[in-house]
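Trainee: Hi! I'm new to this one, could you walk me through it?
Mentor: Happy to, let's look together.

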Amino acid sequence: MNREQMSKVAHADHPIKSPVDDDSVRRLLERGLPPGSKRVLDLGCGGGEWLLRALATYPQLYAEGVDVSEDSLADARQSAIRLGVEERLVLHHQEAEGFTSPHPFDLVLSVGATHAFGGLLPTLAAARTHLAPGGRVLIGEGFWDREPSPEAIEMLGDYSDLATTVDRVVADGWTPVHGHVSTRGELDDYEWACWGSLASWALDHPADPDSSQVLETATTRRSEWLRVYRDTWGFVSLILRQTSH
Ligand SMILES: C[S@@+](CC[C@H](N)C(=O)[O-])C[C@H]1O[C@@H](n2cnc3c(N)ncnc32)[C@H](O)[C@@H]1O
């Protein structure tokens with residue numbers, strides 16, 4: 001099973017591919033999309049879950065999503081058809097960094113995808129180019145809640161602590177107008193869902209040639225989470241406005 005197929009199975013019970021629960025997603029979208037918002041863009045949209053929920057909630061909204069994963073975009077398209085919102089969703093199969101659009105957006109989202117741009121500030125720089133006057137950015141990024149081990153840095157990348165993360169964003173010309181730090185429950189639910197779904201798939205398909213590889217991956221990843229980063233890694237979602245225009 002390749003990486004994309006494995007990711008699809010892992011997210012079967014948690015289609016938002018970030019440690020954020022349904023209620024937090026709803027509240028973040030509410031803050032990011034004040035009344036009158038017309039267009040939303042998601043850079044690194046995956047299966048389009050954030051956009052689909054926004055489209056289902058706000059009937060006047062148009063959405064565009066960008067991702068390099070053709071499979072995830074196909075899932076997004078299928079879900080949009082199922083929800084009857086496909087006419088208001090445009091999906092772009094390409095690198096988010098090179099994406100350009102003839103029109104600006106009231107909300108630019110990028111959750112758990114800053115690696116697509118090489119980090120937090122380059123992601124915000126890209127988001128800025130897509131923003132309508134007065135528009136907002138919803139960015140979701142990891143941070144170190146406690147001093148990480150070298151192994152955790154090696155595994156997840158080199159994040160800042162929460163205060164430093166927000167300071168960097170503010171120094172870059174943004175004002176957070178809302179924020180959500182994923183709770184212990186959201187962080188744990190996400191990891192249990194991913195590695196649990198993978199393990200369940202393996203147990204449900206014992207005759208599949210991929211079964212033992214998938215079970216081994218689920219076991220290894222669950223153990224890495226519990227041993228290496230569960231106690232140090234956190235996730236923050238920020239709603240940002242430009243401090244000056
Ligand atoms: C952790 S997932 C988050 C998906 C979605 N934002 C969510 O919260 O459900 C990261 C996504 O970024 C996408 N991605 C990675 N590199 C990318 C790039 N260079 N351009 C566009 N998308 C990219 C991946 O394919 C994946 O769908």
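Trainee: Which residues come nearest to the ligand?
Mentor: K17, G44, G46, A96 and A116 do, of the 18 residues around the ligand. A residue is near a molecule if its C-beta atom, placed from the backbone, lies within 6 Å of it.

Trainee: Anything to know about the model and the numbering?
Mentor: This model is predicted, and local features need pLDDT of at least 70, side-chain atom pairs count only at pLDDT 80 or more, and totals for chains, interfaces and linings use all residues. Residues are numbered from 1 along each chain as its sequence is written.

Trainee: New topic: what is the strand order in the open sheet?
Mentor: The order is 3-2-1-4-5-7-6, seven strands with mixed pairing. Strands (E, at least two residues) are DSSP runs, numbered from the N terminus, and two strands pair if DSSP finds at least two bridges between them.

Trainee: And which strands stand at the edges?
Mentor: Strand 3 (89-93) and strand 6 (174-181), each with a single partner strand, so one side of each has no neighbour in the sheet.

Trainee: How many bridges join strand 1 and strand 4?
Mentor: Three, and strand 1 (residues 39-43) and strand 4 (residues 105-111) pair in the parallel sense. For V40, the bridge partner in strand 4 is L107.

Trainee: Now the helices: at what angle do the axes of helix 8 and helix 9 cross?
Mentor: Roughly 160°, with the axes of helix 8 (residues 184-204) and helix 9 (residues 211-229) coming within 8 Å. That makes helix 8 roughly antiparallel to helix 9 (an angle over 145 degrees). Axes are lines fitted to C-alpha atoms, for helices over the stretch in contact, and angles run from 0 to 180 degrees between N-to-C directions. Helices are DSSP runs too (H or I, at least four residues).

Conventions: Angles under 35 degrees count as roughly parallel, over 145 as roughly antiparallel, 65 to 115 as roughly perpendicular and the rest as oblique.
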